Amino acid sequence: MQDYDEVTAFLGEWGPFQRLIFFLLSASIIPNGFNGLSSVFFTATPEHHCRVPDTANLSSAWRNHSVPVRLQDGREVLQSCRRYRLATIVNFSALGLEPGRDVDLEQLEQEGCLDGWDFSQDIYLSTIVTEWNLVCEDDWKAPLTISLFFVGVLMGSFISGQLSDRFGRKNVLFVTMGMQTGFSFLQIFSKNFEMFTVLFFLVGMGQISNYVAAFVLGMAISLEDWRMLLLALTVPGVLCAVLWWFIPESPRWLISQGRFQEAEVIIRRAAKTNGITAPSTIFDSSELQDLSSKKQQSHSILDLVRTRNIRMITVMSIILWMTISVGYFGLSLDTPNLHGDVYLNCFLSAVVEVPAYVLAWLLLRHLPRRYSMATALFLGGSVLLFVQLVPPELYYLATVLVMVGKFGVTAAFSMVYVYTAELYPTVVRNMGVGVSSTASRLGSILSPYFIYLGAYDRFLPYILMGSLTILTAILTLFLPETFGIPLPDTIDQMLRVKGIKYRQTPSHTRMLKDGEESPTVLKSTSF
């Protein structure tokens, strides 16, 4: 009896065929980054103030003083949601009274923006905020749009695995690609906020990625109108449709469905691409062992809280993933609020992830997990706390600190997948990583409202994200070290959380005899 891996071992592990498929699959998820974080542009809120109708009979002096002022970052700006009572200042204007000289403006009665708002077009020609006046009493709707997108991603991740098992990996891949591209295109024709938000939720469901791909804005986008931006971002998704003829179905899934001939055609094509001569008979249905049909001991999600140790690890993993997700997506969504050119800042926010991924890869290969994770989180959290201490005139230094914070959080985010997989035993590893990933989705849903708090205090999001990240770094130090340790197979074989006493039983300790080969140690994210 041979299993799939033994039958296809003649292909090698990393030949031209595997590299081609890897490249094509990587290309197919590029639109994920566009759809996920382009919201930082089309949900942006330009500077705005109450509109005073042109028909109002006001002198030029009163028109220039019709909106109260407030201090922001050391400079006076117009109030965003209040104006002086129009009837009152029209009366003063008719009487020939001058603002500030004859009338104390601080004593004037104020009212809301009854005639709408005037929005600055210095950066954006239009966004969904300016389109549907999502400001003042309705300013909560813009972050809600992003949160509901991530709710869609969460829902999509729940059903995507089941759909893939039932209908095939390739079919689901391209259906979801079409789903996010199609609904993203339909967003262009949104007539109101509700329609836009529902479609964005469906775009998130179509995305189904484990986490949103890195935001790629390699070239500074000059599309200030949100409809044109969405139109441009749907083009890569349409172009990805041609990949259907190049990306094959999973042979392993075809075998699980009893479609041996189709699987054999793909394997022979892979052998030809790799320059390998395939054996005359690859799959013998009478001898091939279908791994999916093996009867294994049943395990449920309750096993993640069955013992004190695994319960502690599960709780700590949930906190770890949620905090990292809040920091990663919060910093990504807050990038346009930094001083300087908004497009350049977003480009730098994406570029800084590249060295973060490289560093994470090196740390995973050579250094202990706990200290690598904690160091990255300490770095990210501490620099975010320092942002509030930077003088306003040194805004470029504040931007550098935010980028360093993004660097640290991104490095931690890329390492946490491997670390979590190594903490859980084989029998519940998929469930453990799945529950932790769900926690990260909840963090991404909450992240827009961390940025929303910046409307009350510019540094409050950094203080909260920095404090949570540092506390999580301390928590990480209590997790067991997995570097160079054989992966546990059962719950009893799991490594112990630091600082907690346990009753020692023979099954709790695994010793390797001299000369005995060590079980597999996880070295990459391929688990």
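The protein chain exposes about 26700 Å² of surface. Carbon and sulfur atoms supply 61% of that area. The model is a predicted one. Of the 527 residues in the protein chain, buried ones make up 47%.

The secondary structure comes next. The protein chain has 20 helices and six strands. Contacts show how the chain is put together. Among contacts with a separation of 6 or more, 78% are between residues 24 or more positions apart.

Now turn to the cysteines. A search of the whole structure finds two disulfides. One of them is formed by cysteine 50 and cysteine 113, with the sulfur atoms 1.8 Å apart. That distance falls under the cut-off, because a disulfide is a pair of cysteine sulfur atoms within 2.5 Å. Cysteine 50 sits in strand E1, residues 48-50. Cysteine 113 sits in the loop between strand E5 (110-111) and strand E6 (117-119). The pair therefore ties together parts that are 63 residues apart in sequence. The torsion about the S-S bond of cysteine 50 and cysteine 113 is about -60 degrees, so this disulfide is left-handed. Both cysteine 50 and cysteine 113 are buried.

The other bond joins cysteine 81 to cysteine 136, with an S to S distance of 2.0 Å. Cysteine 81 is in the loop between strand E3 (75-78) and strand E4 (83-84). Cysteine 136 is in the loop between helix H7 (128-132) and helix H8 (141-167). This pair therefore ties together parts that are 55 residues apart in sequence. The torsion about the S-S bond of cysteine 81 and cysteine 136 is about -100 degrees, so this disulfide is left-handed.

How exposed are the two ends of this bond? Cysteine 136 has a relative accessible area of 13% and is buried. Cysteine 81 has 28% and is partly exposed.

The pairing is then 1-3, 2-4. Another cysteine to look at is cysteine 346, which is buried at a relative accessible area of 3%.

Next, find serine 444. This residue lies in helix H19, which covers residues 429-452. Serine 444 counts as buried, because its relative accessibility is 1%. What does serine 444 touch, not counting residues up to four places away in sequence? The contacts are Phe150, Ser325 and Phe329.

A nonpolar patch of about 610 Å² is made by Tyr371, Phe378, Leu468, Leu471, Ile474, Leu477 and Phe478. Which elements give two or more residues to this patch? They are helix H17 (369-386) and helix H20 (460-476). H20 gives the most, with three residues. Tyrosine 371 is one of the patch residues, and it lies in helix H17. At 46% relative accessibility, tyrosine 371 counts as partly exposed. Tyrosine 371 does not count as exposed, because that class needs over 50%.

Methods: Residues numbered from 1 in each chain as written. Predicted model: local features only at pLDDT ≥ 70, side-chain atom pairs only at ≥ 80, totals over all residues. Heavy atoms only, no water. Helix = DSSP H or I, 4+ residues; strand = E, 2+ residues; numbered from the N terminus. Buried < 20%, exposed > 50% of the residue type's maximum accessible area, 1.4 Å probe, protein only. Contact = heavy atoms within 4.5 Å. Areas by Shrake-Rupley, 256 points an atom, 1.4 Å probe, with all protein chains shown as cover. Patch = residues over 30% accessible without salt bridge, like charges linked within 9 Å, V, L, I, M, F, W, Y side chains within 5 Å. Salt bridge = Lys/Arg side-chain N within 4 Å of Asp/Glu carboxyl O.
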